[in-house]
Amino acid sequence: MIKRTQFAKLMIAGVMCASLSACALSPEEKAAAIEEGILSTPGAENLWATIKEEYPDDFNQLVGRALELDLSASNYDELSKQVGAVWSQEFFARIGLDSIKAPAEELIRWSAAESELYQTLQRSAVEQCGAMTMGEWVLIDDGNALATAAIARRNEALVRASAAGRDNPQTYAEPTEADFNRLGDSIAATGIAPELQAALASDAAMAALSPQEQCEVGVAVYAGLSALPDEQEPEMAAYMLSPE
């Protein structure tokens, strides 16, 4: 059974400036410009606004890391993306521990967003979809607006779930055999080929699948999860979000 949620690397928008001398920005003005750039990242405006609202110290830390970069460097955009990717890995790994304690409604919202993300990647970035199914961090091309927007919506749902779990922690029981059987039936109901569903029982079998087949498995797993009745879905969602 897949039990991993990966977070595609986030991109922070570059703050365009011909040169520091031309812009004549004070440190405060640089910080404000960087913050504006992050908050206006195309397709991820709501995500970054949510992070700033729920985790202001972490958001300010990202601004601080970007502030250390030379805005006039010819490769500033690439450097800012690298900073954003490293920060994102650290941030989501940490807050993810709170997501498994989120109230039921937030877990259900995350589950729906996760399913939507996999379906979007199947249509627009199948290689990355397969890699994410296998637990890898993936990088989506900036020009893939559908995929980047779906990633932002999923990540926003996770941020809200994590903040809710931090502020109003819930406890969920470990899934029983009956729970896993119900999820298996829900996955099967998506129409996935039986041999692909059977591959879920073995890491080696999953690794032997093509990226397209791995993606199909990921799509079916999260579609099956989000199709569970509301009284059963949160427990399984918490399990899927929990560390290995």
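**Disulfide and aromatic contacts**

The structure holds one disulfide, the term being applied to a pair of cysteine sulfur atoms within 2.5 Å. The model is predicted, so that local features need pLDDT of at least 70 and side-chain atom pairs count only at pLDDT 80 or more, whereas totals for chains, interfaces and linings use all residues. Residues are numbered from 1 along each chain as its sequence is written, and side-chain values use heavy atoms, with hydrogens and water left out.

The disulfide joins Cys 129 to Cys 215, with an S to S distance of 2.1 Å. Distant parts of the chain are linked by this pair, as Cys 129 lies in helix α7 (residues 126-133) and Cys 215 in helix α12, 86 residues apart. Helices here are DSSP runs (H or I, at least four residues), numbered from the N terminus. The link of Cys 129 and Cys 215 is right-handed, with 85° about the S-S bond. Cys 129 is buried, at a relative accessible area of 0%, and Cys 215 also counts as buried at 0%. Buried denotes under 20% relative accessible area, exposed over 50% and partly exposed in between (1.4 Å probe, protein chains only).

Eight aromatic pairs are present in the structure. Rings of Phe, Tyr and Trp (its six-membered ring) pair if their centres lie within 6.5 Å; planes under 30 degrees apart count as stacked, over 60 as edge-to-face and the rest as tilted. The ring centres of Trp 110 and Tyr 222 are 6.2 Å apart and the planes stand at 90°, so this pair is edge-to-face. Trp 110 belongs to helix α6 (residues 104-124) and Tyr 222 to helix α12 (residues 211-226), and the pair links parts of the chain 112 residues apart. Trp 110 is buried, with a relative accessible area of 0%, and Tyr 222 is buried at 0% relative accessibility.

Phe 180 and Tyr 239 are likewise edge-to-face, because their ring centres are 5.2 Å apart and their planes are at 80°. Phe 180 is in helix α9 (residues 177-188) and Tyr 239 in helix α13 (residues 233-241), so the pair ties together parts 59 residues apart in sequence. Phe 180 is partly exposed, with a relative accessible area of 28%, while Tyr 239 counts as buried at 17%.

A cluster of Trp 48, Tyr 55, Phe 59, Trp 87, Phe 91 and Phe 92 is linked by ring pairs. Over the ring of Tyr 55 sits the charged end of Arg 166, 4.7 Å from the ring centre; this requires NZ of Lys or CZ of Arg within 6 Å of the ring centre and within 35 degrees of the ring normal.

Technical notes: Helix = DSSP H or I, 4+ residues; strand = E, 2+ residues; numbered from the N terminus.
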